[in-house]
Amino acid sequence: MLSRTTWVNDECKAIFDDMMFTETLDIIFQVHRASRKGYLSELFPEDKESKKICTDLGRDVFGHCQNKVQKFSEDIDCPNCHRQISTTRFAPHLEKCFGKGRTSSRIASQKISSAEFSFPSHGQTECPEDDDWQEKKKRKRKKESGSKKAKKKHIESEKKVEPGREHDYYQDDKSSKRKNLKKKR
Amino acid sequence: MADSRESEADFKDRLHAKLQNSGELEKLKQTLRDRLQECGWTDSMRKICKEKVRASSIENVSIDDLVNEVTPIGRDQVPAEIKNEILLKLRAFLDEEA
């Protein structure tokens, strides 16, 4: 009979160990899954940490950064002027930087032409009229190279200046056609 | 009722089967779970596991590693009262059988 009681005791201990192991395993599975899925920090947070208020200078009470505008693009080093340029502005910047774009080439050619004319004149201008004509040309070019809006305004103002042309074929331009279509609908 | 020729293994199996079938095993499991939760053993174990995971430099800790490290700690940390309570209940139930 003594052996039986020892057997019983052994069996009790074994069963208890087994139960303890089950509980431990349960917790391990929970923590392991949380760590794999990435929410370990949220699992069983300590109360003290969640109640703390952030008092840093550049951050709000929750510790988030105040600056909400995030930079989604990296800056690129321009090989020409060695400045940091945003990726979205890089192509237009290169155009101007290298002098291959429309406006920059125009400006450059203007400079060249003005330089050519100014080179022969060392102090005295041979033909002052030529210089005046060159300046007028510059002004005209500058006007032409203005913004499209300015161009549009310029053209529209020209149209308005001629009152006698009310029933002219200018009336059949795209804008009036659109108006007619709208009316039909 | 006791058959002295019954081997140890058979006897133990019989005990275990009785526990299982009567539902006593489940009851005791639940009791243990409740006691451990009340005394804070589960929370403490979770913290320890969390720290083990964070402390290890490996990106993904394996369950085996956690088991090997944490099980002995868990076994030691169980309060004696809970252990005794469960063992007593087990013994009381199984002594009837013996």
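Which residue forms a salt bridge with Asp43(B), and how far apart are the closest N and O atoms? The partner is Arg46(B), with its closest N atom 3.6 Å from an O atom of Asp43(B). Keep in mind as you read that this is a predicted model.

## A pair within helix H3 of chain B

Arg46(B) and Asp43(B) both sit in helix H3 of chain B, and because they are 3 residues apart, about one helical turn separates them. The two differ in how much of their surface can be reached. Arg46(B) has a relative accessible area of 14%, so it counts as buried. Asp43(B), at 40%, is partly exposed.

## The fold of chain B

Chain B is built from 5 helices and has 0 strands, giving the pattern α-α-α-α-α along the sequence. Of its 98 residues, 33% count as buried. Among contacts in chain B with a separation of 6 or more, 70% come from residues 24 or more positions apart.

## Other salt bridges in chain B

Side chains of opposite charge can pair when their charged atoms come close. Over all chains, the structure holds 7 salt bridges. One of them joins the side chains of Lys12(B) and Glu8(B), at 2.9 Å from N to O. These two residues are 4 apart in helix H1 of chain B, so about one helical turn lies between them. Lys12(B) counts as buried because its relative accessibility is 18%, under the 20% cut-off. Glu8(B) is partly exposed, at 35%.

Arg35(B) pairs with Glu85(B), the closest N and O atoms being 3.1 Å apart.

## Where chain B meets chain A

Now for the interface. Chain B contributes 46 residues to the contact and chain A contributes 31 residues. Together the chains bury about 3,500 Å², with 75% of that area on carbon and sulfur atoms. On the chain B side, the residues that lose the most area to chain A are Arg46(B), Lys50(B) and Ile63(B), which together make up 17% of what that side buries.

How many salt bridges does the rule find across the interface of chain B and chain A? It finds 1. In a salt bridge between the chains, the side chains of Arg33(B) and Glu23(A) meet at 3.0 Å, N to O. The count of residue pairs in polar contact between chain B and chain A is 4.

The side of chain B that touches chain A draws at least two residues from each of helices H1, H2, H3, H4 and H5. Its largest share, 9 residues, comes from H3(B). By class, this side has 23 nonpolar, 8 polar and 15 charged residues.

## The helix of chain A

Helix H1 of chain A covers residues 2-37. At 1.5 Å a residue, its 36 residues should span 52 Å, and this agrees with its end C-alpha atoms, which are 52 Å apart. After H1(A) comes Gly38(A), which has a positive phi, near 95°.

How values were computed:
Residues numbered from 1 in each chain as written. Chains lettered and ligands numbered in written order. Predicted model: local features only at pLDDT ≥ 70, side-chain atom pairs only at ≥ 80, totals over all residues. Heavy atoms only, no water. Contact = heavy atoms within 4.5 Å. Buried area = accessible area lost by both parts, 1.4 Å probe. Salt bridge = Lys/Arg side-chain N within 4 Å of Asp/Glu carboxyl O. Polar contact = N/O pair within 3.5 Å; in protein donor to acceptor, adjacent residues only side chain to side chain. Nonpolar A, V, L, I, M, F, W, Y, C, P; charged D, E, K, R; others polar. Expected span 1.5 Å × (residues − 1). Buried < 20%, exposed > 50% of the residue type's maximum accessible area, 1.4 Å probe, protein only.
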